[in-house]
Amino acid sequence: MSEPRSFATSRTLWQRANQVMPAGVSSQFRRFHKPVPLYFTRGFGSRVVDADANEYVDYTLGWGPMILGHSHPALVKAVCEQMALCQTFGAQHALEPKVAERITSLCPGSERVVFQTTGTEAVQMALRLARAHTKRPLIIRFEGHYHGWLDSVLAKPNPHGPKGQPLPTSEGQAPGALADCLCLPWNDLAVVEQALHEHRGQVAAVITEALAANGGGVWPGKGYLAGLRSLCDKAGALLIFDEVITGFRVALGGAAQLFGVRPDLAVYGKALASGFALSAVGGSAHVLDLVAEGRTFQAGTLNGQPVALAAAACTLNELCRDNGAALVRIEHLGERLQLGLRSVFAEADVPLQTSGHGSVFWTFIAPAPLGSPAALSRHDGTLYARFAERLLNEGVLVMQTGRWYVSAAHSESDIDATVHAARRVLCSMRADGLTLGASAH
Ligand code: PLP
């Protein structure tokens, strides 16, 4: 085991931030990082460096956006050139149609595109479009999926309430904000069919992550997405894929391409612009033309901001190079990493499950796969979190809840070094008497 690293500067900065920022962080998901939420100074390639000069191979990738790795030279050049020209016009520029054309050429079902700045906002836009198009109120979403922090979708199942009626996740959500939202178990066509029947003529859209990237990396069952497609068609509801994580990551055309199912609307963010604030809604012309007709309102001061668009143009260019070779390589690296992790955990007699895609996957210490995204909230990840925290000392940064992202900047030697680091951590945990093996779940 390596010498313990110091996180003293991060600790001091975090204490200072706590005096002026709730929990000392800018997004509440970040507050739980142990031993302390880290402060970073630099990122390059597959690496990040924290304020105590600790260097890590990074598998968090800014929660997903850094698909090319950190500070990719072409991206830095494109952004700096645009920065020198102008930061924002609040008006039109040629990068907008250029990126929109690229999205329409890559993403199944995206005939038109509108730009927003965050995934949350783009989800709001997609839901508004669906309600405007169908003139219906209800949205069906699924347990264990995440669609941003909006009052009208931030929901969890209500075990004691009427079927599908969700509970708010946060105090302060507007009373009634979830009145038009149903939250159903995922991967079960029968419950969707029944809900569409019980609420016939009322459901505007079914929104789903096509691969449960927030829900343990669970895959859709065989025929599930195609089944949703035909149930939506029959019910006159729109099918929305939330591709904020999967877009431009699991395939150039996202999960819609991977699974061969065409949504009416799709939401993109994260990898679209390599760390710049850009999201997009793509979809059928006859739905998005509601915006052109001035019937559905869409706005945002920073929508289409040229620096973010320059980042997107460059990102998509790099990803499309050589017929999409980067994503093929990322997938291969991620599979190599999952295989390596499973084998060192097996050597240590600890049951490790991995699920998801090569480019974004989850790891769990558990005797069997999760089975459903909803099971994530019942899973005890304490032991895994200790493992993830100890990886810091070995120069590996991962999300302590179990999700891993892989970028085009990772190398086979990064992957192999990470697997060796995992082996050392498991040995140290055993030496310290931390419970492993069959009882570790
Ligand atoms: N949808 C999905 C699938 C996400 O994973 C996220 C964020 O992680 C969002 C929507 C919200 O995106 P943002 O954080 O950019 O608002």
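I started with helix α10, residues 382-393, taking helices (H or I, at least four residues) and strands (E, at least two) as DSSP runs numbered from the N terminus. In α10 I found L383, Y384, F387, A388, L391, L392 and N393 buried, where buried means under 20% relative accessible area, exposed over 50% and partly exposed in between, with a 1.4 Å probe and protein chains only. This is a predicted model, where local features need pLDDT of at least 70, side-chain atom pairs count only at pLDDT 80 or more, and totals for chains, interfaces and linings use all residues. Residues are numbered from 1 along each chain as its sequence is written, and side-chain values use heavy atoms, with hydrogens and water left out.

What do the buried residues of α10 pack against? I listed β3 (55-58), α9, β14, β15 (396-397), β16 and α11 (412-431), with contact meaning heavy atoms within 4.5 Å. Just after α10, I noted G395 with a positive phi of about 80°.

Next I looked at the open sheet of 3 strands, which runs β13-β14-β16 with antiparallel pairing. Strands β13 (352-356) and β16 (403-405) are at the edges with a single partner strand each, so one side of each has no neighbour in the sheet. The twist averages 25° from one strand to the next. Strand β14 (residues 360-365) pairs with β16 over 3 bridges; two strands count as paired if DSSP finds at least two bridges between them. I also noted that W362 has R403 in β16 as its bridge partner.

Last, I checked C314 in helix α9 (residues 306-347). C314 is buried at 7% relative accessible area, and touches A74, L75 and A78, leaving out residues up to four places away in sequence.

Key
Axes fitted to C-alpha atoms, helices over the stretch in contact; angles between N-to-C directions.
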